[in-house]
Amino acid sequence: MCVWDGKNGKGLFIVFEGIDGAGKTTQAHLLVERLKKHLRDAIYLKEPTNGPWGEKIRQIATHGREGVTPDEELDYFIKDREEDSKQNIIPALQEGRVVVMDRYLYSNAAYQGALGFDPEMIFEKNRHFPQADAVFFLEIAPEGGLKRVDSRGGANIGFEKIEYLQNVYGVFNGGHNGFKKMVRIDATKSAGEISEIIWQKVLPLLK
Ligand code: TYD
């Protein structure tokens, strides 16, 4: 059964969000390691995925938006999530695993919201996908995030220009209802400190 039935069952769904350079990938992997040490079966997943829609999205990241309309871009992310939900997220939750997700529908609302779409409309389009039990938003200013991205080899041209990221950051912080679920964490702290803060919030959720 690969349609979300409104419950995550014995599984647990944890999402990491933030702008580029916030440290999501590091924290997601640290959490998976800690969960495994705690004898919980956990998997790391990321969006965009490495599937066919994710590949199309990566073209935008490396070549820019030329020839791709905002509607098409939004559609690629939704189709990618549709596949990810059916093939990976829902089966894992049904097996009782902890799914640790590096970017999800909140990035959709903020990044495509920054293209001019109403973030609430994007949340609505994402309503039938599995919803997270916890969402950690690693908060860093766009300038700081981009500095980190540059230091590890340079920004991609489609999604990581400073003006665009400032708009994305503005949407993430714009007070839309859908973002209220996010737990905000200061991403300028050390990786170890952040990991500990997150672990203390995850522990009570482990069933
Ligand atoms: P990716 O190349 O995987 O970069 P990162 O490692 O920083 O996550 O992702 C490409 C970009 O996709 C990233 O800058 C954020 C963007 N994105 C959206 O615009 N909408 C979405 O729904 C998602 C999941 C990501």
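Trainee: Hi! Which residues come nearest to the ligand?
Mentor: In this predicted model, there are 15 residues around the ligand, and those that come nearest are Asp-20, Lys-46, Arg-103, Tyr-111 and Gln-112.

Trainee: How far is the side chain of Lys-46 from a ligand oxygen?
Mentor: An N or O atom in the Lys-46 side chain is 2.5 Å from an oxygen atom of the ligand.

Trainee: And what about Asp-20, what's the distance there?
Mentor: For the side chain of Asp-20, the distance from an N or O atom to a ligand oxygen is 2.9 Å. Arg-81 also has a polar side-chain atom 3.0 Å from an oxygen atom of the ligand.

Trainee: OK, how much of the ligand does the protein bury?
Mentor: The protein buries 90% of the 550 Å² that the ligand exposes when taken alone.

Trainee: Nice. Which helix gives the most to the shell around the ligand?
Mentor: That's α4, with 4 residues. Both α3, spanning 70–94, and α4, spanning 105–112, supply at least two residues each.

Trainee: What sort of residues are in that shell, by class?
Mentor: The shell has 7 charged residues, 5 nonpolar and 3 polar.

Trainee: Let's move to pockets. Where does the ligand sit?
Mentor: You'll find the ligand in the largest pocket. That pocket holds about 650 Å³ of space. It is lined by 31 residues, and the closest to its centre are Asp-20, Lys-46, Arg-103, Asn-156 and Glu-160.

Trainee: Which helices supply at least two residues each of that lining?
Mentor: Those elements are α1 (24–37), α2 (52–63), α3, α4 and α6 (142–151).

Trainee: And how does the lining divide by class?
Mentor: The lining of the largest pocket has 11 polar, 11 charged and 9 nonpolar residues.

Trainee: Switching to the backbone now. Which residues does a cis peptide bond join?
Mentor: Glu-47 and Pro-48 are joined by one, with omega at about 0 degrees. Most peptide bonds are trans.

Trainee: Where is Pro-48 found?
Mentor: Look in the loop between β2, which covers 42–46, and α2.

Trainee: One more for the backbone: what's phi for Leu-39?
Mentor: Phi of Leu-39 is near 65 degrees, a positive value, and this residue is not a glycine. Most residues other than glycine have a negative phi.

Trainee: And where's the place of Leu-39 in the fold?
Mentor: Leu-39 is in the loop between α1 and β2.

Notes
Residues are numbered from 1 along each chain as its sequence is written. This is a predicted model: local features need pLDDT of at least 70, side-chain atom pairs count only at pLDDT 80 or more; totals for chains, interfaces and linings use all residues. Side-chain values use heavy atoms; hydrogens and water are left out. A residue is near a molecule or strand if one of its heavy atoms lies within 4 Å of it. A polar contact is a pair of N or O atoms within 3.5 Å; within protein, one must be able to donate a hydrogen and the other to accept it, and residues adjacent in sequence count only if both atoms are side-chain atoms. Accessible areas come from the Shrake-Rupley method with a 1.4 Å probe; for residues, only the protein chains shown count as cover. On a 1 Å grid over the protein atoms alone, a cavity is a set of points where a 1.4 Å probe fits but cannot get out, and a pocket is an open set with protein on both sides within 12 Å along at least five of seven lines; lining residues have an atom within 4 Å of a point. A molecule sits in a cavity or pocket if more than half of its atoms lie within 2 Å of its grid points. Ala, Val, Leu, Ile, Met, Phe, Trp, Tyr, Cys and Pro count as nonpolar, Asp, Glu, Lys and Arg as charged, and the others, Gly among them, as polar. Grid points are joined across faces, edges and corners, and a volume is the space filled by probe spheres set on the points.
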